[in-house]
Amino acid sequence: MSSGNIALLGAIAGFTIYLGLPLGRLRTPTPRLKAGLNAVAIGILIFLVWDVLTHAWEPIDEALGKHAWGTVASGGFTLVAGLTIGLAGLVHYDGWIARRREAAARTTGPGAAATAELAPKTRSQAGSLALMIATGIGLHNFAEGLAIGNSAAQGELSLALLLIIGFGLHNATEGFGIVAPLAAEGERPSWPTLLWLGLIGGGPTFLGTLVGRHLVDDTLSIAFLGLAAGSILYVVIELLAVARRTALKTLTTWCILLGLLLGFATDAVVTAAGA
């Protein structure tokens with residue numbers, strides 16, 4: 001298969017993420033709908049954490065079985081480093097942003113100026129969450145792109161095609177996960193914002209396909225998967241806090257279950273392909 005065709009297939013797999021993004025432009029969703037959207041996103045992201053860590057652990061587990069201790073050490077260190085940067089790094093970054101907001105609020109003083117500063121805080125938090133989700137999914141999708149490129153480079157065209165179908169279905173549900181925080185806060189993103197979020201989340205599948213066509217490297221894949229798992233886990237923690245504030249426990253539980261099932265359903269095609 002030519003490099004051009006491989007790149008095109010990788011682009012198709014990545015940019016199906018735009019199928020779920022328009023849900024973020026729902027007008028004035030009801031509290032129950034917002035809680036449901038948030039909970040389905042949690043379910044999808046919980047599945048992604050499991051899926052990402054499973055793929056990151058596979059080469060380490062294989063090396064353990066072969067007693068290849070050097071590979072175990074390097075892979076394990078890479079995974080721990082990726083998880084730490086992805087999870088703890090975002091915690092410290094979020095704390096830094098919060099301190100900047102508080103400092104800005106103090107400098108404006110009491111009155112209308114301070115109110116104006118604090119008013120958009122919720123919207124900016126929702127936007128930050130959406131951006132973090134898109135970034136985490138983008139790191140995950142880069143690793144998926146590596147798998148597509150590797151399969152095509154090795155002449156396994158049927159496998160590459162099935163991976164594209166499976167990852168394409170995955171990305172369609174992931175697009176919904178990206179915009180869920182915005183829908184939950186009632187913020188209606190602009191089309192350019194959705195375009196940008198989709199590029200961050202889906203574009204790396206295309207880039208990973210190009211890289212995977214010429215490079216097969218487990219350590220690189222583990223690094224990106226570790227970063228993705230850490231960042232997605234951080235977002236899950238944040239969305240769970242939002243879900244608790246809604247006080248709709250039954251609805252939230254069923255919608256989280258629905259999100260999990262959607263994740264497993266879309267992953268079934270990839271698993272059937274032997275990925």
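Colleague: What should I know about the model before reading it?

Modeller: It is predicted: local features need pLDDT of at least 70, side-chain atom pairs count only at pLDDT 80 or more, and totals for chains, interfaces and linings use all residues. Residues are numbered from 1 along each chain as its sequence is written, and side-chain values use heavy atoms, leaving out hydrogens and water.

Colleague: Where is confidence lowest, and where highest?

Modeller: pLDDT is the predictor's confidence in each residue, from 0 to 100. The protein chain averages 76, and 74% of the residues score at least 70. Helix α4 (residues 112-118) has the lowest confidence, with a mean of 39, while helix α7 (residues 191-214) has the highest, at 86. Over residues 111-123 pLDDT stays under 50.

Colleague: How many helices and strands does the protein chain have?

Modeller: Helices (H or I, at least four residues) and strands (E, at least two) are DSSP runs, numbered from the N terminus. The protein chain has 9 helices and 0 strands.

Colleague: Is T209 buried or exposed?

Modeller: Buried means under 20% relative accessible area, exposed over 50%, and partly exposed in between (1.4 Å probe, protein chains only). T209, in helix α7, is buried, with a relative accessible area of 0%. Of the 275 residues of the protein chain, 46% count as buried.

Colleague: Which residues does T209 touch?

Modeller: Contact means heavy atoms within 4.5 Å. Leaving aside residues up to four places away in sequence, T209 touches I6, G10, G145, L146, I148 and G149. A polar atom of the T209 side chain also lies 2.7 Å from the backbone oxygen of T205.

Conventions. Polar contact = N/O pair within 3.5 Å; in protein donor to acceptor, adjacent residues only side chain to side chain.
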